[in-house]
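Dear colleague,

Please find the structure below, handed over for your own work.

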Amino acid sequence: IRWALAQPLLPVRRACAWCLSGGPLRALHDGDRSRASAEAGVALSDYFVTDKAGRLRQRRLAQLATNADSPEWIARAVVDETQDVVVGYAGYHGPLYDDGMVAIGYSVDVGYRRKGYARAIFRELLRRANTDPRVKTVRATISPDNLASLATIQGFGFALTGQQWDDEHGLELVFEIPVDAFLSER
């Protein structure tokens with residue numbers, strides 16, 4: 001897996017991700033997928049112009065405008081290197097929180113689901129979090145009816161720590177794992 005833009009980051013089992021900086025995100029916001037793809041260095045699929053991706057793009061552009069640390073944590077396109085095709089996007093909900101927590105966020109394009117990409121992305125996001133000594137905890141929030149995502153986190157050692165209400169997604173279960181617990185299971 002490749003994460004899209006400039007230089008490859010976070011290599012994953014079958015693909016890698018490239019960071020999507022403000023340029024590609026702004027181009028997508030302007031409705032110019034061709035320019036966004038050129039700036040990202042990879043052909044961004046229709047999945048990047050869905051309503052869901054648009055809401056995410058709005059939040060990430062706002063984060064980029066207010067927090068200089070945002071680019072290293074947010075907005076990554078996931079590319080299957082074997083097919084040179086974008087299969088989704090992933091990253092964190094934002095930069096590291098003051099208490100050392102990061103929250104994972106990812107989405108796999110419908111046409112690429114049930115092929116192992118989500119687990120590979122999840123594993124790579126955990127690995128990336130573990131490379132920063134400031135990270136103490138990794139969080140995943142999942143709707144109770146999202147059985148695919150609930151299955152994806154199984155086996156990673158996450159514990160259910162509570163629930164929360166999200167204005168966009170409704171009720172979410174909150175799962176967390178201390179970084180050292182994940183490191184000891186690797």
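The confidence figures rest on pLDDT, which is the predictor's confidence in each residue, from 0 to 100. The model is predicted, so local features need pLDDT of at least 70 and side-chain atom pairs count only at pLDDT 80 or more, while totals for chains, interfaces and linings use all residues. Residues are numbered from 1 along each chain as its sequence is written, and side-chain values use heavy atoms, with hydrogens and water left out.

The protein chain has an average pLDDT of 79, and 83% of the residues score at least 70. Helices (H or I, at least four residues) and strands (E, at least two) are DSSP runs, numbered from the N terminus.

The chain contains six helices and eight strands, in the order β-β-α-α-α-β-β-β-α-β-α-β-β-α. Of its 186 residues, 51% are buried (under 20% relative accessible area; exposed is over 50%, partly exposed in between; 1.4 Å probe, protein chains only).

Aromatic pairs were also examined. Rings of Phe, Tyr and Trp (its six-membered ring) pair if their centres lie within 6.5 Å; planes under 30 degrees apart count as stacked, over 60 as edge-to-face and the rest as tilted. By this rule there are four aromatic pairs. Tyrosine 106 and phenylalanine 122 form an edge-to-face pair, because their planes stand at 85°, with ring centres 5.7 Å apart. Tyrosine 106 belongs to strand E5 (residues 101-108) and phenylalanine 122 to helix H4, 16 residues apart. Phenylalanine 122, buried at a relative accessible area of 0%, also forms a tilted pair with phenylalanine 156, at 5.0 Å centre to centre and 50° between the planes. Phenylalanine 156 lies in the loop between helix H5 (147-153) and strand E7 (159-166), so this pair ties together parts 34 residues apart in sequence. Phenylalanine 156 is likewise buried, at 5% relative accessibility. Ring pairs link Tyr106, Phe122, Phe156 and Phe158 into a cluster.

Finally, aspartate 132 sits in the loop between helix H4 (117-130) and strand E6 (137-142). Aspartate 132 is buried, with a relative accessible area of 9%. Leaving aside neighbours within four places in sequence, aspartate 132 contacts Glu72 and Trp73.

With kind regards

Technical notes: Contact means heavy atoms within 4.5 Å.
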